[in-house]
Amino acid sequence: MTDHRMRIRRTMVERDAELAIVDEALDQLTGPGPEAGGALLAFSGPAGLGKTTLLAELRRRAHARSCTVLAARGGEQEQSQPFHVARQLIQPQLAGTSEQELRAALGGWYSIVGPALGLCAPEQGAPPDPQGLRDGLDWVLTHLVVKRAPVTLVLDDAHWADPESLSWLAAFAPRAEHLPLLLVVAYRPDELPAHADAFRTLPGRAGQAPLPLAPLTPAAVAALVRDALGDHADDAFCKEAWAVTAGNPFEAVELTAKVRGRGLRPVEENAPQLADLAAAQRGSGLVARLERLGPSTVRFAWACAVLGTAIPQDIAARVAALGTEEAAGATTRLRDARILSAAGSTSDHEPETGLEFVHPLIATGIYRAIPDALRVALHGKAAAAVVDAGLGSSAAARHLLETHPENDPWVVRTLREAAGENLRAGAPDAARRQLARALREPPDFDEQAAVLYELGCASLLTEPANTVNHLRAALAEPFDDPTLRQGIVIRLAQVLAHSDRLAEASESLAREIAQTPDVRARLRLQSEQFMWDAFNAAETDSPARSRRLARLADRLTGRDLTERYVIALRAWDACLRGEPVDVVLHHAGRVLERPFSWAHEDRGFEVPVLAAMVHMYADRPGRAEELFEAGTAEFERQGWRGAHLSFAYSLRAYIRYRRGRLVEAEELARSGLRLAERVGRRTPVHWYAIAILLTTLLARGRVDEAWELAQEHEFGAPFPAAVVFPDSQTVYAELLLARGEVRAAVAELEAVDRRLTPRGIQNPAWCPWQLHLARAVAADDPQRARTLAADAVRRARAFGAPSAIGQALRVAAEVAAPQDRTALLREAVTLLSASPAGYELARALAALGYGLRDADLLTAAVVTARECGADGLVEEATEILTGMGGALPSAPPRADWVTEEEIRAADLAVRSEKEPEPASPDWVLSAACRKLGTDRSGLRAALEAFARSST
């Protein structure tokens, strides 16, 4: 056992209360029974109050209870090094593990968290988003905790932890109580960053808020003095020791060591000398004490201060320009002077990690005492030394951030390499800092645009306004690389579009298209422009754009990804405009003849989403779900668990809603909303999540809950400039209508008409605003309502999807003259029974059953609505049925899976698909259509897909 560790145990005075809480938490962690479990402990206090000593004792006690200990320490010099703390915690637990074993242990998370933890090099391709990386780190830590329980995780100097690690741990901290994990942090309260505020407020399992450490009392300082100097130390001397140290344990211990080293007798007559001795521990006194050790030792101490924590002696020697023997001598002298300590280990169970300063106060004092110009030069030498030592460009980058620009190509190259590694590892903020510094070097003339482009890519998620500036500055640079220029323009359009500036995105692409001579490059830019125009709700020349898109797409063969993107946009545009469903599916089929990645490195995911969604509107929701499942899996493999995954969950919820699987739709929509909340409110992903959840809640009959949700999330005007589906303003109007606010609903729906009609968006399957408006005006203007409904029916028939026609017919019947209602509803039921739209079928059955006073139809409506989870419709139809004297349906609900009988009915329909449809619905075939997710015309493909999935 080292003297350092003996001193730790001896100087633990007046910390009995804190140690009792530590013991209680460890007892809970390691004890048997239901009370066993994890906790969070946080200790706070100014520098020198004994946080490190307390944590060292905690670690010793945890080891004594056979706990696995994960330990890390923030460093003042390492704050800009991303995942520095996370690596300290997790790397030692995986040391000696082969790549094959790591891949097996981490599974799909290997390529996501491996680069951040320094376990593997980043792979080429799009990086994980920050939330996906945090989810991966959560999984790794949770897995380690469960596998090596009980676990104590200790983070010292949390205020100096790198932002990436600290924000992750702060978010993870509440989970500690639900795992066999004691998570302990110590920090200086005045220096804790805002993103780690969770540590200030979260109480531990022991019921304790963050525990502030108090200075020692005069009696405690006297005990320390007498323990070190002998019981003969008199009261006046001890009292003065307390006064000059203000009860700071670190300063009190260091003071007694200096008294002993000076051979000073601890009596009252020597008490006046204590003030000067105490001053030598900090500021100018510390510097003077260091200078007395000699120039080479001073240089070595400066080098160590620049390098930070866990200091390799050989690298410090190189930075200080010392030989091996000189460095060893300097190390010995600094240890004897109580400036450097032994290697960073506090127990026999933990490995030594390199040189450390005795206390961070000493490290800070020495670092700040280095002359400014020399400190900058030492950071430059440190950068070169760590690269030569094989520690990589990321380790060098934190030093280069502290240097002055000198027009050095090596600096630019190293910073760009580090930024690329950090960006692919999921640390865009660190990459942004490094690239901003590279720009100030500055880069060579022919590199300037490339660095600006890389900076724009790094700041895309966090600083969209600055990203626009960087990319526009890159375009203003004179350079001859057409591929780089195209990449800059595409990225600029992307960030403008994601900032709700879609018109600017289109204009920037149009300018570049006009001056791009290469045909293939121009086509790529056109595909991007067509995409952002499709999402621009305020586009002024939509019909003209649709004609240009149709002419272009119809002559393309789909030979490469760009052509397939254009064809997919043609399919989407045809869907919105209400062209025949066969045309829509034809173009979508051309796109999907080969695999269509949702996570391509330099493409957005928007076009693959549109290619999937057209299947939903065309009554092929089963195929849409198949595509979304594959896309969601790609997102998860890539580590895209923020906006991308939220979009995937929300749109899958919308598909389930259209199929009438409302319970599943609500679950998925809530999952999408939880992810969207991480991204931010009133962002595009948030609009999608709220609109789809509101639509689902209305279908389930929970109007009040939907309204409360809309109010909570400020769902209403102003609506987004980007196209959202379902259309946000239409959903809001539907909510108003459900609440009986008819006049307000009419105003919103008429605004939708003015917005969509000039753009040629007239497919009621995509936006049924006419149907809602017909219902809203029916009481005051029945003729207008019938005209609106008839026009919606005409448009739905032109599109040709049975679910859209059936929905339009049902609403047309609702506003029609009494004598016309039955025929409309009969046709609606017939069409919907051979469609995948279970909820719309239930509504049509209920309306027809009520109109005919037919108990069998109402019973079918109740059964179908129950299967859908449409609770409000179940209650309404049940009330009518029982009022007519009918019996409630008692048969068990249909199986969720496709039965053999339903497969046979579907197969028979395929073989006789050219025969006229029956006059009355085939309920077995109807169930098959809903479960397979297709209308009758798509049964063949759906059965083939079902057969493939069943093998």
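A cavity, on a 1 Å grid over the protein atoms alone, is a set of points where a 1.4 Å probe fits but cannot get out, and its lining residues have an atom within 4 Å of a point. Helices (H or I, at least four residues) and strands (E, at least two) are DSSP runs, numbered from the N terminus. This is a predicted model, in which local features need pLDDT of at least 70 and side-chain atom pairs count only at pLDDT 80 or more, while totals for chains, interfaces and linings use all residues. Residues are numbered from 1 along each chain as its sequence is written, and side-chain values use heavy atoms, with hydrogens and water left out.

The protein chain has 48 helices and seven strands. Its C-alpha atoms fill a box of roughly 115 × 70 × 55 Å along the principal axes. Of its 951 residues, 58% count as buried (under 20% relative accessible area, with exposed being over 50% and partly exposed in between, for a 1.4 Å probe and protein chains only). Contact here means heavy atoms within 4.5 Å. Among contacts between residues at least 6 apart in sequence, 67% join residues at least 24 apart.

Where pLDDT is low, the predicted coordinates should not be read in detail.

Next come the nonpolar cores. A nonpolar core is a set of buried Ala, Val, Leu, Ile, Met, Phe, Trp, Tyr and Cys residues joined through side-chain atoms within 4.5 Å. In soluble globular proteins, nonpolar side chains tend to be buried together. The largest core in this model holds 223 residues, of which Met613 and Phe725 touch the most other members. Helix α35 (residues 684-699) contributes the largest share of this core, twelve residues. Apart from its neighbours within four places in sequence, Met613 is in contact with Trp572, Phe628, Leu651, Tyr654, Ile655 and Phe725. A second, separate core has 47 residues, including Leu106, Ala116, Leu133 and Ala173.

Seven cavities of 30 Å³ or more are found in the whole structure; a volume is the space filled by probe spheres set on the grid points, which are joined across faces, edges and corners. The largest cavity has a volume of about 390 Å³. It is lined by 29 residues, and Tyr657, Arg658, Pro768, Gln807 and Glu840 are the closest to its centre. Two or more lining residues come from each of α33 (643-659), α37 (728-738), α39 (769-777), α41 (802-815) and α43 (838-852), and α41 gives the largest share, five residues. By type, this lining divides into 16 nonpolar residues (Ala, Val, Leu, Ile, Met, Phe, Trp, Tyr, Cys and Pro), eight charged (Asp, Glu, Lys and Arg) and five polar (the others, Gly among them).

The second largest cavity has a volume of about 160 Å³. Of its 18 lining residues, Glu76, Gly308, Thr309, Pro360 and Ala363 are the closest to the centre. Both β7 (356-357) and α18 (360-369) supply at least two residues of this lining, and α18 gives the most, with four. The lining of the second largest cavity divides into six nonpolar, seven polar and five charged residues.

Ala846 is found in helix α43 and is buried, with a relative accessible area of 12%. Beyond four places in sequence, Ala846 is in contact with Leu858, Ala861 and Leu873. Ser527, in helix α27 (residues 519-535), is buried at a relative accessible area of 2%. With residues up to four places away not counted, Ser527 touches Thr562, Val566, Leu569 and Arg603.

The last topic is the backbone. Most residues other than glycine have a negative phi, and most peptide bonds are trans. The peptide bond from Ala149 to Pro150 is cis, with omega near -10°, and Pro150 lies in the loop between α7 (130-147) and β3 (151-156). The bond from Ala717 to Pro718 is also cis, with omega near -5°. Asp157, in the loop between β3 and α8 (163-172), has a positive phi of about 50° although it is not a glycine.

How values were computed
1 Å grid on protein atoms, 1.4 Å probe; cavity = no way out; pocket = protein on both sides within 12 Å on 5 of 7 lines; lining within 4 Å.
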